[in-house]
Amino acid sequence: MTATILDGKAFAATVRDKVATHVTKLKTDHGITPGLAVVLVGEDPASQVYVRAKGKQTVEVGMNSFEHKLDAEVSEADLLAVVHQLNDDPAVHGILVQLPLPAHLDSDLIINAINPAKDVDGFHISNVGLLGTGQKSMVPCTPLGCLMMLRDHHGSLSGLEAVILGRSNIVGKPMAQLLLNDSCTVTIAHSRTKDLADVVRRADIVVAAVGRPEMVPGDWIKPGATVIDVGINRIPAPDKGEGKTRLVGDVDFDSCAAVAGAITPVPGGVGPMTIACLLANTLTACCRANGVAEPEGLTA
């Protein structure tokens, strides 16, 4: 069996096109332009690259992009003041504080200071609770992207057995809740799970989000299963030259692709969907704030 490759880059482009179409309609019909504010603390190179990409794509879909870059030594009080200012700004519909924050700042305190209706990362404790009880919420971007790809590939997910590798608050737990809400039977597996390979082999859907390079081999995969690889790991690539690296996921792509029915590549799978879903969440937040009908297919 050769798996169907689920092209996240192409799928993300279709999501951005849908967002752009709805943004144009909001402007034309209601005179509203969605606005996304990103707060970056410090000089972390990976965060800087990510924030630039977010800003670029925000503008490309016709939204307003607001960036607040703060010194790495910023006080908690000053950072909270920026968050409160954005909470009160009617031009800002989505707020994202780029993680990780410097060690002297309490990430939970900062995230929970964001107005939950503007929390487009979906990390506020109120949104976690709403999602966990099946109510309307802002949904974390990476799990939302995975859900969109699974729905697109399978149609209905009802009755399928899903195993999620990893129990993080950012991916594993919200992914489980989203799949439960779509009537999957869900198991969250982790480092303490007994007979892990046998647990994974039961799954019609495997979502790998553990941060361990190529941890899942093909002989763990049920023939025909769908494999969503959330992992992004950089490993040495001596064949490319001294000191060179390459990106791999949490599953061994070649062996899993030989067994699975469908699989996401790394790079080019789940990664591009994260920013696309951030834009979709900002659009959703804007529509909710203004009492406008939400676009279909862009949230859970």
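Colleague: Which elements each supply at least two residues of the lining of the largest pocket?

Modeller: In this predicted model, the largest pocket has a volume of about 1,100 Å³. Its lining comprises 41 residues, with Y50, T142, I232, G271 and T274 nearest the centre. The elements that each supply at least two lining residues are α2 (45-60), β4, α6, β9 (233-236) and α10.

Colleague: How many residues in the lining of the largest pocket are nonpolar, polar and charged?

Modeller: Among the 41 lining residues, T142 and T274 lie near the centre together with Y50, I232 and G271. Tyr and Ile count as nonpolar, whereas Gly counts as polar. By class, the lining of the largest pocket divides into 25 nonpolar, 10 polar and six charged residues.

Colleague: Which element gives the most to the lining of the second largest pocket?

Modeller: The second largest pocket has a volume of about 450 Å³, and 19 residues line it, of which G122, F123, V128, N169 and I170 lie nearest its centre. At least two lining residues come from each of α4 (107-111), α5 (125-132) and α7. With five residues, the element that gives the most is α5.

Colleague: Which strand gives the most to the lining of the largest cavity?

Modeller: The structure holds one cavity of 30 Å³ or more, and about 40 Å³ of space lies in the largest cavity. The residues lining the largest cavity are I95, L96, V97, I111, I114, D119, D121 and F123, and they divide into six nonpolar, no polar and two charged. Three of the lining residues come from the strand that gives the most, β4 (residues 94-97).

Colleague: Which element gives the most to the largest nonpolar core?

Modeller: This core has 55 residues, of which V19 and L179 touch the most other members. Two or more residues come from each of α1 (8-30), β2 (35-41), α6 (141-154), β5 (161-165), α7 (172-181), β7 (205-208) and α10 (271-289). With 10 residues, the element that gives the most to this core is α10.

Colleague: Why is α10 largely enclosed by the rest of the structure?

Modeller: α10 reaches 28 Å from its first C-alpha to its last, close to the 27 Å expected at 1.5 Å a residue. A residue is buried when its relative accessible area is under 20%. The helix is largely enclosed because the buried residues of α10 number 15 of the 19.

Colleague: Which residues does L179 touch, not counting residues up to four places away in sequence?

Modeller: L179 is, with V19, one of the two members of the largest nonpolar core that touch the most others. Contact here requires heavy atoms within 4.5 Å. On that criterion, L179 touches L147, L150, L157, A162, I164, C184 and V186.

Notes
Residues are numbered from 1 along each chain as its sequence is written. This is a predicted model: local features need pLDDT of at least 70, side-chain atom pairs count only at pLDDT 80 or more; totals for chains, interfaces and linings use all residues. Side-chain values use heavy atoms; hydrogens and water are left out. On a 1 Å grid over the protein atoms alone, a cavity is a set of points where a 1.4 Å probe fits but cannot get out, and a pocket is an open set with protein on both sides within 12 Å along at least five of seven lines; lining residues have an atom within 4 Å of a point. Grid points are joined across faces, edges and corners, and a volume is the space filled by probe spheres set on the points. Helices (H or I, at least four residues) and strands (E, at least two) are DSSP runs, numbered from the N terminus. A nonpolar core is a set of buried Ala, Val, Leu, Ile, Met, Phe, Trp, Tyr and Cys residues joined through side-chain atoms within 4.5 Å. Buried means under 20% relative accessible area, exposed over 50%, partly exposed in between (1.4 Å probe, protein chains only). The expected span of a helix is 1.5 Å times one less than its number of residues.
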